[in-house]
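Trainee: Could we go through this structure together, one question at a time?
Mentor: Gladly; please keep the sequence and the coordinates open while we talk.

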Amino acid sequence: MTVKVLIIEDNPVARSFLCRVVRESFSDAMEITEVGDLENARRQVSKFGGNAQDMGFKLVLVDLELPDGNGMEFLTELAGSTAIKIVTTLYSDDDHLFPALQCGADGYLLKEDRFEVLVEELQRIVRGQPPLSPAIARRLLSHFRPSSSGDSGNMPLNSGFGSLSSSHAPFSNSRSVALDPPPEWERLTPRESEVLTYLSKGFTIKEIANLMGIKWFTVNDHIKSIYKKLNVSSRAEAAVLASKQGLV
């Protein structure tokens with residue numbers, strides 16, 4: 001099944017960069033529509049009868065500063081949509097972050113982050129977690145920590161993606177990584193162990209694919225399986241855990 005993606009970004013270079021990030025992040029067949037302003041974004045939605053709830057797109061990346069308005073306007077218009085709506089911006093301050101979340105953003109990514117970081121964060125959709133740039137996650141944690149009661153509740157993210165959403169694990173901003181995790185991990189396959197070894201050494205997905213002589217999306221599938229088996233959500237966690245448990 002083809003996954004329809006809408007990218008709203010006025011800078012052609014940034015738009016091309018985000019397209020690469022999306023294609024690198026998921027193994028599903030992608031149909032990416034690129035637009036540079038709100039007018040064309042709305043025109044794309046109108047092709048589906050103007051029904052935001054079922055507008056055809058499963059993933060929407062939207063910049064906040066656009067030539068004909070603010071991306072938050074579009075987020076508000078998509079209220080009730082089943083699409084995953086991700087803000088992609090250069091702004092990391094509270095004046096942009098919190099209003100965007102209040103307008104319905106399911107994630108918040110900084111375009112200044114490295115390519116590999118953006119791919120890793122966008123892949124959180126697979127695990128039902130909101131994609132957040134590291135700096136944004138720290139800002140949110142800092143904002144809520146003083147008034148935290150210790151139980152922040154769950155924020156399930158139902159992606160609506162086909163093979164991307166085989167499991168929808170709840171995300172909680174109180175989730176912690178076990179310092180001494182139990183050893184009863186589901187056994188990794190030889191291929192997964194090889195991928196994990198390369199991940200631990202800092203190789204990118206495409207570099208691993210070249211080294212192993214396989215397609216990048218196959219590597220991506222191996223990584224998703226590794227994360228699930230080890231119960232981790234980033235290559236850093238996977239590398240630390242693999243070293244500690246002698247998996248590589």
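**Contacts, burial and helix packing**

Trainee: Which residues does Asp63 touch, once residues up to four places away in sequence are not counted?
Mentor: Bear in mind throughout that this is a predicted model. Asp63 sits in the loop between β3 (59–62) and β4 (65–66), and the unreviewed UniProt entry carries the annotation "modified residue: 4-aspartylphosphate" for Asp63. With residues up to four places away in sequence set aside, the residues that Asp63 touches are Ile8, Glu9, Asp10, Gly71, Thr88, Thr89 and Lys111.

Trainee: Is Asp63 buried or exposed?
Mentor: The relative accessibility of Asp63 is 6%, and buried means under 20% relative accessible area. Because 6% falls under that limit, Asp63 counts as buried.

Trainee: What distance separates the C-alpha atoms of Asp37 and Asp10?
Mentor: Asp37 belongs to the loop between β2 (30–35) and α2, and at 18% relative accessibility Asp37 counts as buried. Apart from its neighbours within four places in sequence, Asp37 is in contact with Ile8, Pro67 and Asp68. Asp37 and Asp10 are 27 residues apart along the chain, and the separation of their C-alpha atoms is 6.1 Å.

Trainee: Which residues is Gln44 in contact with, leaving aside its neighbours within four places in sequence?
Mentor: Gln44 is found in helix α2, which spans residues 38–46, and with a relative accessible area of 15% Gln44 is buried. Leaving those sequence neighbours aside, the contacts of Gln44 are Leu6, Thr33, Val35 and Phe57.

Trainee: What is the relative accessible area of Gln123, and which residues is it in contact with beyond four places in sequence?
Mentor: Gln123 is found in the loop between α5 and α6, and Gln123 is buried, with a relative accessible area of 4%. Once its neighbours within four places in sequence are left aside, Gln123 is in contact with Glu24, Ser25, Phe26, Ile205 and Asn220.

Trainee: How far apart are the C-alpha atoms of Pro130 and Gly107?
Mentor: Pro130 is placed in the loop between α5 (115–122) and α6 (134–144), where Pro130 counts as buried at 7% relative accessibility. Pro130 and Gly107 are 23 residues apart along the chain, and their C-alpha atoms are separated by 5.1 Å.

Trainee: Is helix α7 roughly parallel or roughly perpendicular to helix α9?
Mentor: Two packed helices are described by the angle between their axes and the distance between the axes. The axes of α7 (residues 190–200) and α9 (residues 216–230) come within 9 Å and cross at roughly 90°. Since angles of 65 to 115 degrees count as roughly perpendicular, α7 is roughly perpendicular to α9.

Trainee: How many nonpolar, polar and charged residues does the contact of α7 with α9 have?
Mentor: From α7, the residues taking part are Arg191, Glu192, Val195, Leu196 and Leu199, and they meet Val219, His222, Ile223, Ser225, Ile226, Lys229 and Leu230 in α9. Sorted by class, this contact of α7 with α9 has 7 nonpolar, 2 polar and 3 charged residues.

Trainee: How many disulfides does the count come to?
Mentor: Cys19 is buried, with a relative accessible area of 10%, whereas Cys103 is partly exposed, with a relative accessible area of 22%. A disulfide requires a pair of cysteine sulfur atoms within 2.5 Å, and by this rule the number of disulfides comes to 0.

Trainee: For the protein as a whole, what share of the contacts with a separation of 6 or more comes from residues 24 or more positions apart?
Mentor: The protein has 10 helices and 7 strands, and 47% of its 248 residues count as buried. Among contacts with a separation of 6 or more, the share from residues 24 or more positions apart is 66%.

Technical notes
Residues are numbered from 1 along each chain as its sequence is written. This is a predicted model: local features need pLDDT of at least 70, side-chain atom pairs count only at pLDDT 80 or more; totals for chains, interfaces and linings use all residues. Side-chain values use heavy atoms; hydrogens and water are left out. UniProt positions are given in the numbering used here, feature names are shortened, and annotations may be inferred rather than shown by experiment. Helices (H or I, at least four residues) and strands (E, at least two) are DSSP runs, numbered from the N terminus. Buried means under 20% relative accessible area, exposed over 50%, partly exposed in between (1.4 Å probe, protein chains only). Contact means heavy atoms within 4.5 Å. Axes are lines fitted to C-alpha atoms, for helices over the stretch in contact, and angles run from 0 to 180 degrees between N-to-C directions. Angles under 35 degrees count as roughly parallel, over 145 as roughly antiparallel, 65 to 115 as roughly perpendicular and the rest as oblique. Ala, Val, Leu, Ile, Met, Phe, Trp, Tyr, Cys and Pro count as nonpolar, Asp, Glu, Lys and Arg as charged, and the others, Gly among them, as polar.
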